[in-house]
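The entries follow below the display.

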Amino acid sequence: AVLRHVDAGAQFASFGDNDNVQYLEQTSGRVAAMFPLIAGQLQNMAAVSYSSQNRADYAGGAPNVFGSQFDGERTRFEYTGVLALNENNDLVFGVDHEDEEVTTDALSRSRDITGIYGEWTGALADNVYTTAGVRFDEHSQFGEHVSWRATIAWLPVVFAGGETKFHASAGTGFRAPSLFELFDGFSG
């Protein structure tokens, strides 16, 4: 379990005669549990996390002309399982879900994203290791996305006591902009 609270203020010179002040109050926490099943062959991790963030921007003691308030909350649930198929092969799989809400001077928005994923990791031969994975995300604002990743590594023994590693990887990814990146009054 982790709990963190930040209460901060920053003052910086503005473009005009008045200094700008930014206030930030942020609270976040996470609780996770790990538990084995099937005689230890299946390792499980489940977690829930929550964060809230309140920002306020002022110029010369008055709310910033671009917007002074940005309040956000995020809740995330996740599960990851690792199934040992045999001595050299594992199957990693999981699901995560995140809800995000924001309120500014001008608007309120919310969205969610759910992802499921799977990855095989294993040894193809002595000193040759590989992974292959896929992930599906369903985002309430930006739609459905499939991403993948594959890697291979070869560790030939070059001389006694040392190894060289050759590694290659390829993949795709998806990341939607955060609500702050989209709707912050100054730069969103």
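The entries below begin with conventions and then go through the look-ups by topic.

**Conventions.** I worked on a predicted model, in which local features need pLDDT of at least 70 and side-chain atom pairs count only at pLDDT 80 or more, while totals for chains, interfaces and linings use all residues. I numbered residues from 1 along each chain as its sequence is written, and I took side-chain values from heavy atoms, with hydrogens and water left out.

**Entry 1: salt bridges.** I searched the whole structure for salt bridges and found ten. I counted a salt bridge where a side-chain nitrogen of Lys or Arg lies within 4 Å of a carboxyl oxygen of Asp or Glu.

**Entry 2: R76 and its partners.** I looked up D96 and R76 and found a salt bridge, with the closest N and O atoms 3.4 Å apart. This pair links distant parts of the chain, since D96 is in strand β6 (residues 89-104) and R76 in strand β5 (residues 69-86), 20 residues apart. Strands here are DSSP runs of E with at least two residues, numbered from the N terminus. I then found that E98 also meets R76 in a salt bridge, at 3.4 Å from N to O. E98 lies in strand β6 and R76 in strand β5, so this pair ties together parts 22 residues apart in sequence.

I next asked for burial (buried means under 20% relative accessible area, exposed over 50%, partly exposed in between, with a 1.4 Å probe and protein chains only). D96 counts as buried because its relative accessibility is 8%. E98 is likewise buried, at 17%. R76 is partly exposed, with a relative accessible area of 24%.

**Entry 3: D137.** I located D137 in strand β8 (residues 128-139). Is D137 buried or exposed? Its relative accessible area is 4%, so I recorded D137 as buried. D137 forms a salt bridge with R135, the closest N and O atoms being 3.0 Å apart. R135 is partly exposed, at 25% relative accessible area. Salt bridges that share partners join R30, R74, R76, E78, D96, E98, E100, R111, R135 and D137 into one network.

I also listed the contacts of D137 (heavy atoms within 4.5 Å). Not counting residues up to four places away in sequence, D137 touches I113, T114, G115, G143, E144, H145 and F174.

**Entry 4: F166.** I found F166 in strand β12 (residues 166-171). F166 is partly exposed, its relative accessible area being 46%. Leaving aside residues up to four places away in sequence, F166 touches I152, A153, W154 and P156. I noted 5.2 Å between the C-alpha atoms of F166 and W154, which are twelve residues apart along the chain.

**Entry 5: a nonpolar patch.** Which residues form a nonpolar patch on the surface? I found V31, V48 and F77, with about 250 Å² of accessible area together. Patch members have over 30% relative accessible area and no salt bridge; nonpolar side chains (Val, Leu, Ile, Met, Phe, Trp, Tyr) are joined within 5 Å, and like charges within 9 Å. The areas come from the Shrake-Rupley method with a 1.4 Å probe, and for residues only the protein chains shown count as cover. I placed V48 in strand β3 (residues 42-59). V48 counts as partly exposed because its relative accessibility is 34%.

Terms used
Helix = DSSP H or I, 4+ residues; strand = E, 2+ residues; numbered from the N terminus.
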